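Please have the sequence and the model open while reading.

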Amino acid sequence: MKDSVGLGKVKKMKIGLDVGSTTLKCVVLDEKENIVYQEYERHFSRITEKASGMLYRIAEQFPQTPRMQIAVSGSAGMGLAESLGLPFVQEVYATRVAVNRLLPGTDVVIELGGEDAKILFLQGGLEVRMNGSCAGGTGAFIDQMATLLNITPDEMNELAKDYEKIYTIASRCGVFAKSDIQPLLNQGARKSDISASIFAAVVNQTIAGLAQGRVIEGKVVYLGGPLTFLSELR
């Protein structure tokens with residue numbers, strides 16, 4: 001399913017494969033660039049195996065289209081693209097192009113990934129703010145806190161719907177957050193309150209750590225797994 005350039009009458013269907021730090025996402029576009037297939041799953045660091053499985057399922061889904069154009073994106077996608085000789089598209093550029101096309105007029109994009117987070121300010125020229133080497137305020141941070149509470153992130157989301165109180169929890173570093181949460185658990189704090197407090201900590205990290213004082217306003221678009229699947233975080 002490699003690049004179909006020069007294949008004459010073969011339909012120019014396209015595959016976009018995003019290889020993130022914790023998840024794989026793919027879409028298939030028909031010749032009119034309508035989305036006709038999509039998948040989203042965790043790869044558990046088995047990137048080659050999981051990506052191969054996705055592509056095989058696409059081949060089975062479209063047996064009459066033996067060749068497609070493909071491009072790879074994502075924080076963990078460059079190595080895969082280089083190994084297979086596939087075109088790689090930097091994820092910030094891909095995000096900007098997609099948002100401008102599909103959601104014109106967007107002012108701000110907030111994307112929380114598995115291990116990275118970024119804010120794109122699109123008005124008045126592109127400005128990008130990204131987290132550093134620490135995964136604080138990302139999906140990995142939420143996973144760590146859920147493990148500390150002995151629940152899943154989905155269960156954390158459900159518990160947070162019934163919160164009554166928000167505690168101050170550090171979100172820049174998982175170690176500091178654990179030092180805030182463990183005493184709360186020892187004192188019998190409700191898990192619903194702690195769950196909501198963890199989400200609030202992620203929000204504070206996004207606003208204070210990522211935005212760095214720049215006001216988030218206008219038409220805001222949320223991207224990334226945590227903001228897709230965790231309603232209480234949104």
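In this predicted model, glutamine 90 caps the N-terminal end of α3. The cap is made by a side-chain oxygen of glutamine 90, which lies 2.7 Å from the backbone nitrogen of valine 92.

**Helix α3**
- The 12 residues of α3 should span 16 Å at 1.5 Å a residue, and the 16 Å between its end C-alpha atoms agrees with that.
- Glu91, Val92, Thr95 and Val99 are the buried residues of α3.
- Viewed down the axis of α3, these buried residues fall within an arc of 100 degrees, so they line one face of the helix.
- An α-helix has 3.6 residues a turn, so residues three or four places apart point the same way.
- The cover over the buried residues of α3 includes β4 (69-73), β5, β6 (117-121), β7 (127-130) and β8 (220-223).

**The sheet**
- Four strands make up an open sheet with mixed pairing, in the order β7-β6-β5-β8.
- The edges are β7 and β8; each has a single partner strand, so one side of each has no neighbour in the sheet.
- From one strand to the next, the twist averages 15 degrees.
- The pairing of β5 with β8 is parallel and runs over four bridges.
- Valine 109 has valine 221 in β8 as its bridge partner.

**Helices on the sheet**
- α3 packs on the sheet and touches β5, β6, β7 and β8.
- The direction of α3 makes about 45 degrees with that of β6.
- Helix α7, residues 191-210, lies across β5, β6 and β7.
- α7 runs at about 55 degrees to β6.

**Threonine 106**
- Threonine 106 sits in the loop that joins α3 (91-102) to β5 (108-112).
- Is threonine 106 buried or exposed? Its relative accessible area is 3%, and buried means under 20%, so threonine 106 counts as buried.
- A polar atom of the threonine 106 side chain lies 2.7 Å from the backbone oxygen of leucine 103.
- Which residues does threonine 106 contact, leaving aside its neighbours within four places in sequence? They are Val99, Leu122, Gln123, Lys219 and Val221.
- Among these contacts of threonine 106 is Val99, a buried residue of α3.
- Val221 is also one of the contacts of threonine 106, and it is the bridge partner of valine 109.

Definitions and conventions:
Residues are numbered from 1 along each chain as its sequence is written. This is a predicted model: local features need pLDDT of at least 70, side-chain atom pairs count only at pLDDT 80 or more; totals for chains, interfaces and linings use all residues. Side-chain values use heavy atoms; hydrogens and water are left out. Helices (H or I, at least four residues) and strands (E, at least two) are DSSP runs, numbered from the N terminus. Buried means under 20% relative accessible area, exposed over 50%, partly exposed in between (1.4 Å probe, protein chains only). A polar contact is a pair of N or O atoms within 3.5 Å; within protein, one must be able to donate a hydrogen and the other to accept it, and residues adjacent in sequence count only if both atoms are side-chain atoms. Contact means heavy atoms within 4.5 Å. The expected span of a helix is 1.5 Å times one less than its number of residues. The arc is that of the directions from the helix axis to the C-beta atoms. Two strands pair if DSSP finds at least two bridges between them. Axes are lines fitted to C-alpha atoms, for helices over the stretch in contact, and angles run from 0 to 180 degrees between N-to-C directions.
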